[in-house]
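Please have a look at the structure first.

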Amino acid sequence: MFAEFLQFLFSGITVGAIYALVGLGFTIIYNASHIINFAQGEFVMLGAMSAVFFVSVGMPMPVAMLLAIIITIFIGLALVKLAIEPARNASIVTLIIITIGASIFLRGAAQVLWGRNFHSLAPISGNDPIMIGGAAVLPQSLWILGSAMLIVMALRYFFDRTLIGKAIVASAHNPLAARLAGINARFVLLLSFGLSAMLGAVAGFLIAPISLAYPSVGIMLGLKGFCAAVLGGLGNPMGAVLGGLIVGISEAMTAGYISSAYKDAVAFIIILGVLFFRPSGLFGIRGTERV
Amino acid sequence: MKQGFIRHFTTVAAVMALGLGASVSGAKAAETIKIGSFLAVTGGASFLGDPEKKTLEMYVEKINAEGGVLGRKLELIIYDSQGSPKKAVPFAKRLISDDKVDVLLAGSTSGATMAVIPIVEAAGIPYISFGGAGVIVNPVKKWVFKTPHTDTLAVRKIFNDMKKNGLTKVGLLSGSGGFDKSCRKQTLALAGPSGMTMVADETHGKGDTDMTPQITKIKNTPGIQAFMYCGFGAATSIVAKNFKQLGVSVPHYQTHGSASMSFIKNAEGGAEGVRLPAAALIVVDALPDSHPQKKVASAYRDMYTSKSGDSVSTFGGHAYDGLMIVVEAIKRAGSTNKEAVRAEIEKTRNYIGADGIYNMSPKDHLGLDEESFVMVEVRNGTWKMLK
């Protein structure tokens, strides 16, 4: 009985950590521009697929990971230069729609380039499950969870302590005032997409051993990651992680104790409920502004 | 409203059929034999249409190089329906009334096939579909045939193997895709009549990354003797990995949806011991030389891989079998008279194809039974045929 509960919990943590890692990517761009980047799932896919590709041509894992990060950052920057910047005077909603278009394009391009097949990536420390109280958890899940926590701390430090991080937050909050204070808005946008792409790529190759890598893997990951970010309060890195874990664990518990048919529905009901009572998310800052 | 539409539809089709009849009687002999086709060459179902198109093209070329059929060359007309039933309908009309084809070998998807059946039936033209669904030939339609095996055959094959091993209490897990749902429906429908009891019926979502809660639940179901999974794509490997991670000990069955080397490779050891029904074409190297399909299947695979540079899939095999059945029927009929060709297709007996051994009849326009699947088990990272 307890072993069963523990197994559901571990599954929830595994899946939740994945959602959290993807959700983190949404926070940076949102903090910089209030844009919700729906191509974030595709950044994850690109990280995973290019890592798989470089490993398949015989490169050692660390090199493949590094190249995957570089390529994804490059694509993130290209997205800003080619699609977002030309339309920078448009409304936020328009820019969000542009990111949806970009996600479809990236998915299609990946299909043409790498085919439709699915691939796996070797996990960091083996495939043998760790047994705790009769339940099995893969070491990769712990890596994902640990990385998510590390990234949260790094982001916290970046946004709260560094000048450039503060500049990013400032330009999202009041673009005009930020520009008057000498912050280069175009650079901030570029930087935020670059960082998000990097986070996406890292998420991609950490997740790939569990989720496998294929061109459409980003759709559901992006959607659930977005849910995690919204649930935790958009823009709050710690919120994204907790949001991801809540969604993941509630999914696993529903599948385990109620019915797997209602698994996705329950996760979305929780999100609807939270947003109804706390529109800014569980850990979001209320939208009060100083005059 | 709907009835009005159908009536209108039949009138149009009947008028077209009249026009066709008039033109055929005026045609001269020794013309090319026209094979009409619409396939999902591009779009979401291109993984079906693309190998089908390549197969038809390379074998029509081969047959023509060897002198054609009845001394006449084959002429292939292919339109790209993009897998859409809406687009398939005008293409079918154009093939029948403008291109005046002798036979239709078309329809990558069941949707496109079902949409053109009324036109084909009204026009009276032999039609072999590559759509998967059983409903295409069940109930039997006079002019409509198909070559791909159905889910029902795969499920029967799995149940037969379970029974042989004394397993009757089965826990089912299925995904949320079209294939997955259809497979689940067939499994639940066939379980009772086959003497099987489904003790668990769990599902997972599209793009899910971890199925351990469902598998844990199935594992702990009292009395369970076997695990069965209906799914397609990456999820097949994830399920196999999770199954191993949880150390489940009951026999593990998957379907022909998992019959690819990617499944084995990406399950990273989790696929060991998994049993599944596969088309002979996919596991041709695991077949003994005495297997009746070995020669046909390996010849097709070698031709396809060397000419197209892609790896072989069952979908191209459907097109190969369709073309060969039609060619044989035209030879036996000695003409391209539509009724004669149709009757000869229906009389196809013991045709050994890539998909299986076809025995058609007025009651069976598919002609395959569960013997068209080979039961295999994954051993040492490759397929091992089971007796």
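## A cis proline in a loop

Pro139(B) sits in the loop between β4 (127-129) and β5 (144-146) of chain B. Strands here are DSSP runs (E, at least two residues) and helices are DSSP runs too (H or I, at least four), numbered from the N terminus. The peptide bond that joins Asn138(B) to Pro139(B) is cis, with omega about 5°.

This is a predicted model, in which local features need pLDDT of at least 70, side-chain atom pairs count only at pLDDT 80 or more, and totals for chains, interfaces and linings use all residues. Residues are numbered from 1 along each chain as its sequence is written, while chains are lettered from A and ligands numbered from 1 in the order in which they are written.

## Positive phi without glycine

Lys100(B) is not a glycine, yet its phi is positive, about 50°. You will find Lys100(B) in the loop between α3 (85-97) and β3 (103-106) of chain B.

Asn350(B), also not a glycine, has a positive phi of about 50°. Asn350(B) lies in the loop between α12 (338-346) and β11 (351-352) of chain B.

## Where chain B meets chain A

The contact (C-beta atoms, placed from the backbone, within 7 Å) takes 26 residues from chain B and 30 residues from chain A. On the chain B side, the elements giving two or more residues are β7 (197-203), α7 (212-219), α8 (234-245) and α9 (261-266). The largest share, 5 residues, comes from α7(B).

Note on methods. Two residues are in contact if their C-beta atoms, placed from the backbone, lie within 7 Å.
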